[in-house]
Amino acid sequence: MSHKSQRGFTLLELLVTLVIVGILITFVAVSFTTNSYKHEIRAEANRLAQRIELARRVATTHNETWGLSISTSGYRFLKFDPSNEEWIESEERLFQNYDLPIHISLEFDGNLDIPALIDKYNEHEPEMVIVPGGEMTPFVLNCQHEHSDQTRVLESDGLNDVEVFEMNDEREPYSFDEDDEEDE
């Protein structure tokens with residue numbers, strides 16, 4: 001009778017394989033999480049920039065004064081009621097109160113002479129005003145994620161469109177179409 005030798009994997013070979021697989025899974029998970037934060041911040045910054053531009057167009061076409069009240073955790077669009085001389089919350093669906101996802105925050109850039117975000121007594125007072133001619137309060141706003149060093153900067157001189165930059169970029173305008181190309 002001939003005896004065939006059965007050769008299997010040794011315990012050491014199995015352990016080395018498991019360690020290698022574990023390291024690869026860790027790299028993939030970290031990469032996915034970082035890209036997820038980056039995508040989430042980019043989406044929120046673009047959403048706010050698009051809504052501000054839409055509010056500018058509405059203010060111009062309807063000859064209204066609009067405002068934007070910003071807190072660290074969200075924002076709300078306001079319309080000025082000239083008959084009562086007060087700001088009222090917009091009831092339009094696109095301009096309803098918006099709470100940011102829990103780990104994302106907004107913060108005015110302290111380099112400009114723009115008031116810092118504080119707990120206001122009256123939430124119906126805007127930090128940014130958009131007049132019927134389309135001009136608005138100049139601003140630089142940072143959109144940050146607390147678990148990442150990723151930051152998007154929204155900026156406007158008050159006359160031109162809102163531009164979105166990645167922090168530390170060379171300040172070239174960020175096109176909304178670039179998102180589609182990056183994601184592909």
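Before starting, I noted the rule: rings of Phe, Tyr and Trp (its six-membered ring) pair if their centres lie within 6.5 Å. I also kept in mind that this is a predicted model.

**Entry 1: ring pairs.** I searched the whole structure and found five aromatic pairs. I looked at Tyr 75 and Phe 77: their ring centres are 6.1 Å apart and their planes stand at 90 degrees, so I wrote this pair down as edge-to-face. The cut-off for that label is over 60 degrees.

I then asked myself: is Tyr 75 buried or exposed? Tyr 75 is buried, because its relative accessible area is 3%. Phe 77 is buried too, with a relative accessible area of 1%.

Next I turned to Phe 80 and Trp 87, an edge-to-face pair with 5.2 Å from centre to centre and 65 degrees between the planes. I checked the cover of Phe 80 and found a relative accessibility of 30%, so Phe 80 counts as partly exposed.

**Entry 2: the cluster.** Which residues do ring pairs link into a cluster? I listed Trp 66, Tyr 75, Phe 77, Phe 95 and Tyr 98. At Tyr 98 I also came upon a charge: Arg 51 lies over the face of this ring, 5.0 Å from the ring centre.

**Entry 3: the surface.** I moved on to a nonpolar surface patch of about 400 Å², made by Leu 12, Val 16, Ile 20 and Leu 24. I placed Leu 12 in helix H1, which covers residues 11-62. Leu 12 counts as exposed, because its relative accessibility is 62%.

Key: Residues are numbered from 1 along each chain as its sequence is written. This is a predicted model: local features need pLDDT of at least 70, side-chain atom pairs count only at pLDDT 80 or more; totals for chains, interfaces and linings use all residues. Side-chain values use heavy atoms; hydrogens and water are left out. Rings of Phe, Tyr and Trp (its six-membered ring) pair if their centres lie within 6.5 Å; planes under 30 degrees apart count as stacked, over 60 as edge-to-face and the rest as tilted. Buried means under 20% relative accessible area, exposed over 50%, partly exposed in between (1.4 Å probe, protein chains only). A charge sits over a ring if NZ of Lys or CZ of Arg is within 6 Å of the ring centre and within 35 degrees of the ring normal. Patches are made of residues with over 30% relative accessible area and no salt bridge: like charges are joined within 9 Å, nonpolar side chains (Val, Leu, Ile, Met, Phe, Trp, Tyr) within 5 Å. Accessible areas come from the Shrake-Rupley method with a 1.4 Å probe; for residues, only the protein chains shown count as cover. A salt bridge is a side-chain nitrogen of Lys or Arg within 4 Å of a carboxyl oxygen of Asp or Glu. Helices (H or I, at least four residues) and strands (E, at least two) are DSSP runs, numbered from the N terminus.
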